[in-house]
Amino acid sequence: MIKVITYGTFDLLHHGHIRLLQRAKALGDYLIVGVTTDDFDKSRGKINVQQSLMERIEALQDLGIADEVIAEEYEGQKIDDIKRYDIDIFTVGSDWEGHFDYLKEYCEVIYLKRTEGISSSEIRRRQGIRLGLIGDSPVLCKYKREAEIVNGIDVTAVCTDNEEIMGEVQGQDISVCSSYDELLDLCDAVYIITHPSRHYDDIKRALLKGRHVLCESPITVKYGECMELFRLASDKGLVLMDAIKTAYSTAFNRLLLLVKGGKIGKVLSIDSTCTSLGNIYEWDKSIIRKSWNSICAWGPTALLPIFQIAGTGYRKKTLTSYMLSEEEKFDAYTKIDFIFPGLAASARVGTGAKSEGDLVISGTKGYIYVPAPWWKTDYFEVRYENQENNRRYFYQLDGEGIRYEILAFLRAMESGKRKNYLNEDVSGMIVKIIEEFESGTGVQKLI
Ligand code: C2G
């Protein structure tokens, strides 16, 4: 009996897949199909497979061409499978020509001609969300590149003064818009990274036009306005999501689960620091006015673990700032101290100071340590008095986490609900802290 094996993702099964499977089957007497698991696919840079592993396996079983369907879960599994199932022929489409020649040591390798004109990506693209980008920050470039990696979303328009982005979109099928209204007409959803003082207007205009919004945090600089926008989004059945990329990263979410699961006992303190020292002391007023102050640039990220672990019901709060410009309300460094029932927390942020950007969560049994820069983490440690019990956790973090944020945004648009990566209470409380800073009342000044 000649045994044949082939592998694939087989998302949204189409006639290209079916033709490949028929020809694979015809090569022998028994066909095994390996279906790539979602996680394995992520590590190959293919994200947002639309169907779950079970759905994809069931679709193949229902099709009835394969004699056996298995899951492909790890790198290097193909050699194990070929040996274990005593395979004679490995086959795959010609888009992989040459790639699997190393398997010739174990069995015959045949590349079958790929069917032209059809692919899962194409099917997903047809249903794709058109994304518009607005703002002048270089971060916009990162979003454009990361959105390209997420299946089901395409950048169709940009509205920016940033020359790097203009250069990058040249020659691509992306419209460069001279006005925000023009941009909104060319997309279904928008990513906003304009100055925080403009967010309220920019978000409102997008929502009123029926566009979903992903906005760089803080959503606004006034709490009342933030809540008004969440209500507006919900009334219109639109997604309004806070863009704090750390909130969507796997490592950070696992960390939260470990804390909530009691791994370090009862949490007594949270200390989070985020700094990035620029040349702000050389700036003149016109640049200061256009730039993000420290509390807007880093506050949302630094406050994230505090509000997600301790909740938003603090009893006392103290803001201490070193100001670059009182008039422009621009802080070079701010420390925010909280007292919650049974827990103390502190966030330190600065674009005019340098410090160790780590996160420490201390509990009655042990502590979690996330090394700098903790907000881009793929790694953290749980540490105990007895070091033998210490554990290290590693998770893949690609594209600084931006692609996971875009994926979460896409999923929220598709399903109509946002998963609890970041709830509105947390987004709102971040805005409240920033509003209090901007009002100046109760802020202790270092000069
Ligand atoms: N295919 C084809 N014609 C198409 C589309 C796909 O012949 N128009 C073939 C592919 O070449 C592959 C199989 O159908 O052999 C499954 O395609 P995908 O689901 O896109 O899987 P892929 O990501 O190519 O996975 O490690 C090898 C991979 O697992 C192959």
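Predicted model: local features only at pLDDT ≥ 70, side-chain atom pairs only at ≥ 80, totals over all residues.
Let's start in a loop: P373 sits in the one between β17 (366-370) and β18 (379-384). The peptide bond joining A372 to P373 is cis, with omega at about -10°. Most peptide bonds are trans, and most residues other than glycine have a negative phi.

You will find P218 in the loop between β10 (212-216) and α10 (223-235).

Now for phi. K329 is not a glycine, yet its phi is positive, at about 55°. Look for K329 in the loop that runs between β13 (316-325) and β14 (330-340). L12, another residue other than glycine, has a positive phi near 50°. Its loop lies between β1 and α1.

Which residues come nearest to the ligand? Of the 21 residues around it, they are F10, K78, D95, W96 and I118. In the side chain of W96, an N or O atom is 2.7 Å from an oxygen atom of the ligand. K78 also brings a polar side-chain atom to 2.8 Å from a ligand oxygen. G93 takes part through its backbone, where an N or O atom lies 2.9 Å from an oxygen atom of the ligand.

How much of the ligand's accessible area does the protein cover? On its own the ligand has 610 Å² of accessible area, and the protein covers 96% of this. By class, the shell has seven nonpolar, eight polar and six charged residues.

Our last stop is a pair of helices. Two packed helices are described by the angle between their axes and the distance between the axes. For helix α6 (residues 139-149) and helix α14 (residues 402-415), the axes come within 9 Å and cross at roughly 65°. The crossing of α6 past α14 is right-handed.

Which residues meet there? From α6 come K142, Y143, E146, A147 and I149, and they meet I402, R403, E405 and I406 of α14. Sorted by class, this contact has five nonpolar and four charged residues, with no polar ones.

Key: Residues numbered from 1 in each chain as written. Heavy atoms only, no water. Near = heavy atom within 4 Å. Polar contact = N/O pair within 3.5 Å; in protein donor to acceptor, adjacent residues only side chain to side chain. Areas by Shrake-Rupley, 256 points an atom, 1.4 Å probe, with all protein chains shown as cover. Nonpolar A, V, L, I, M, F, W, Y, C, P; charged D, E, K, R; others polar. Axes fitted to C-alpha atoms, helices over the stretch in contact; angles between N-to-C directions. Helix = DSSP H or I, 4+ residues; strand = E, 2+ residues; numbered from the N terminus. Left-handed = near helix turned anticlockwise from the far one by under 90°. Contact = heavy atoms within 4.5 Å.
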